[in-house]
Number of protein chains: 2
Amino acid sequence: MLTATFERHDLDLAEAFRISRGTRESVEVVVVRVADDEGNTGVGCATPSTRYGETADTVAAVLPDLLAAVERVGDPHALGRIEREMREVVRANPAARAGVSVALHDLAATRLGLPCYRLWGLDPARTPRTSFTVGIDDPGRTAERAAAAVERGHRLLKLKLGTDRDRERVEAVREAVPDARIRVDANEAWTPREAVTKAAWLDDLGVEFVEQPVPADDPAGLQFVYDRAVLPVAADESCRTLADVPALADRADVVNLKLSKCGGVRETRRAVAAARAHGLEVMLGCMVGSAASIAAGCHLAPLLDYVDLDGALLLADGADPYTGLDLSDGRIDLRESGPGTGVDPR
Amino acid sequence: MLTATFERHDLDLAEAFRISRGTRESVEVVVVRVADDEGNTGVGCATPSTRYGETADTVAAVLPDLLAAVERVGDPHALGRIEREMREVVRANPAARAGVSVALHDLAATRLGLPCYRLWGLDPARTPRTSFTVGIDDPGRTAERAAAAVERGHRLLKLKLGTDRDRERVEAVREAVPDARIRVDANEAWTPREAVTKAAWLDDLGVEFVEQPVPADDPAGLQFVYDRAVLPVAADESCRTLADVPALADRADVVNLKLSKCGGVRETRRAVAAARAHGLEVMLGCMVGSAASIAAGCHLAPLLDYVDLDGALLLADGADPYTGLDLSDGRIDLRESGPGTGVDPR
């Protein structure tokens, strides 16, 4: 027998977080808890994004029906059946389903006494470091934030771009942290021609790749950039689920998958496999949110080429009601994890 | 600490088994056993095929090095690391690696006290029945074999074709077992034009699909058949590993994956996921062999559209040194499985 509940949390950010689409000072997430009748609990967390049509309200609106399906099946190991029954209740809503999926995987592994990565047979020695995201700000403040992150131990920075000061900002960061590895993310803000032009000087500044340069609804534009830009191209908004992967094989070098876009652990692993079949590199990303929304991705990290799982590092001190692996310097040490995802209430 | 050993078995078949490439009266397999120091044992079985360059001798030649990697890692849950170390020892040799992979998955699940399908989160209610394979013989004998299989409870037959009596044989079977569902497998024996012509009368005889009509080294021929034949086309010899899947998306309706072609459980699951990304249907097949080579596939069956796991049903009574799930009437009831794959010495 399983008991499934959820709770909403509004989490303050350490600093206002701006990307090309807008600015936020807090994020609202929905934590899912599934308990068996032997005292074990699994925790997951939905991180809805309006970009994909979800808010904390839509998550809270569908969770009662999704959790009823979980309780009806009543077996945390029956993941395939629960997935199917959840799809029969309501399609789409991937962040809500991802929260449930993570809670179930956490519970199943906890019952078996193994951390998820061990249950999944993954090699902790193959875990990439996470990048740390620096939002949009003026060049001086961007460089200060980048320097502070490097001071804390980070070596991989993801700079959010998409304003008319992109070049000044990257130059300021490069000057402030000459040894850091830098990736940039335009979050759909550029035109295809602009992306190709910017890639040239980004390459000169030692940037590794450009994420989502153009809008997701312009696949021909992405193709244009992929064919002409000197830097590798990563697809994020263009790649939501497994079904999007094949079309990106000749339009991107990297796909950025997220549990909250794919709708759960199993679908994400299927998408990773599909990307591998096409020779695509794979990044696992996240939304800003609680450690309870990040930990499952950490346990999947050995499957991936790039990891951007800094979502809980962007919260204000003490704002997160849950604790997970310590990612404060970008390293993900799965060997430190307890059973399941290793997430506990603070 | 793990101890890994192997043993060769020459298994008599119930009847001589003829396909378009040749006839066999027995099969030689190599059973892999991996034991931990707590009294748990995992069993797998390599079923080499000369079609893919493997024999019992090649398997026995590479297993000492593969099993040394298993013992070196020493942790049955470290499947990713063992996979990688095995690849570093020797590439290719997928049947040998599949035998090791199955033994490790059996051991890991046995240690955790769960049947593999439950550990993998799969729904036993979604398990397709296995087809039963009828080899090449004259029309009368083919029909007798088909009728005997239906008498034992089978409802799905796979007829091996690829001689100049294909039509007479299918007609004889259709007359003998009018209610059975029939699939046919030419094992690369036809020309593309011949396949298109044969598909027309096979369709009239109620055949469901045609497997591997043309040689695997003729992708344009497969494309020709896929574009023109009235029946769906399944790719077997044309689809060995994950990397083959994308190219088949527009050349086949179904891919027939096998543990012994993919090289193990994890790679097979990745290939299933890649096939799903392309909207391909997926069959899981097998080579003729011990129940120890079949059971892991049975536990994967809920992931699949079609299952052809009759390899141990073709052995002579008492020839198999291992027992697994009872598939004698084609049904696969995973709920009957013990921990792991449920394989035990006879």
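Which residue of chain A comes closest to the rotation axis? I looked, and Ala274(A) does, with its C-alpha at 2.0 Å.

**Ground rules.** I am working with a predicted model, where local features need pLDDT of at least 70, side-chain atom pairs count only at pLDDT 80 or more, and totals for chains, interfaces and linings use all residues. Residues are numbered from 1 along each chain as its sequence is written, and chains are lettered from A and ligands numbered from 1 in the order in which they are written.

**Symmetry.** I laid chain A on chain B and got an RMSD of 0.0 Å, with a turn of 180 degrees and a shift of 0.1 Å along the axis. That is the relation of a two-fold axis. The superposition is by least squares on the C-alpha atoms of residues with pLDDT of at least 70 in both copies.

**Interface.** I found 24 residues of chain A in contact with 25 residues of chain B; contact asks for C-beta atoms, placed from the backbone, within 7 Å. On the chain A side, H2 and helix H10 (265-277) each supply at least two residues, and H10(A) gives the largest share, 6 residues. By class I noted 14 nonpolar, 4 polar and 6 charged residues there. Ala, Val, Leu, Ile, Met, Phe, Trp, Tyr, Cys and Pro count as nonpolar, Asp, Glu, Lys and Arg as charged, and the others, Gly among them, as polar. Of the interface residues of chain A, 100% are also interface residues in chain B, so the copies meet through the same surface.

**Chain A overall.** I see 11 helices and 13 strands, taken as DSSP runs numbered from the N terminus (helices H or I, at least four residues; strands E, at least two). Buried residues make up 60% of the 346 residues, where buried means 20 or more other C-beta atoms, placed from the backbone, within 10 Å of the residue's own.

**Helix H1.** Next I checked residues 56-73 of chain A: at 1.5 Å a residue, these 18 residues should span 26 Å, and the end C-alpha atoms are 25 Å apart, which agrees. The expected span is 1.5 Å times one less than the number of residues. H1(A) bends by about 40 degrees at Leu63(A), with Pro64(A) following within four residues; the bend is the angle between axes fitted to the seven residues ending there and the seven starting there. Among the buried residues of H1(A) I listed Val59(A), Leu63(A), Leu66(A) and Val70(A). Their cover includes strand E1 (2-19) and helix H3 (94-112) of chain A. Just after H1(A), Gly74(A) takes a positive phi of about 75 degrees.

Conventions: Buried ≥ 20, exposed ≤ 12 C-beta atoms within 10 Å, placed from the backbone. Contact = placed C-beta atoms within 7 Å.
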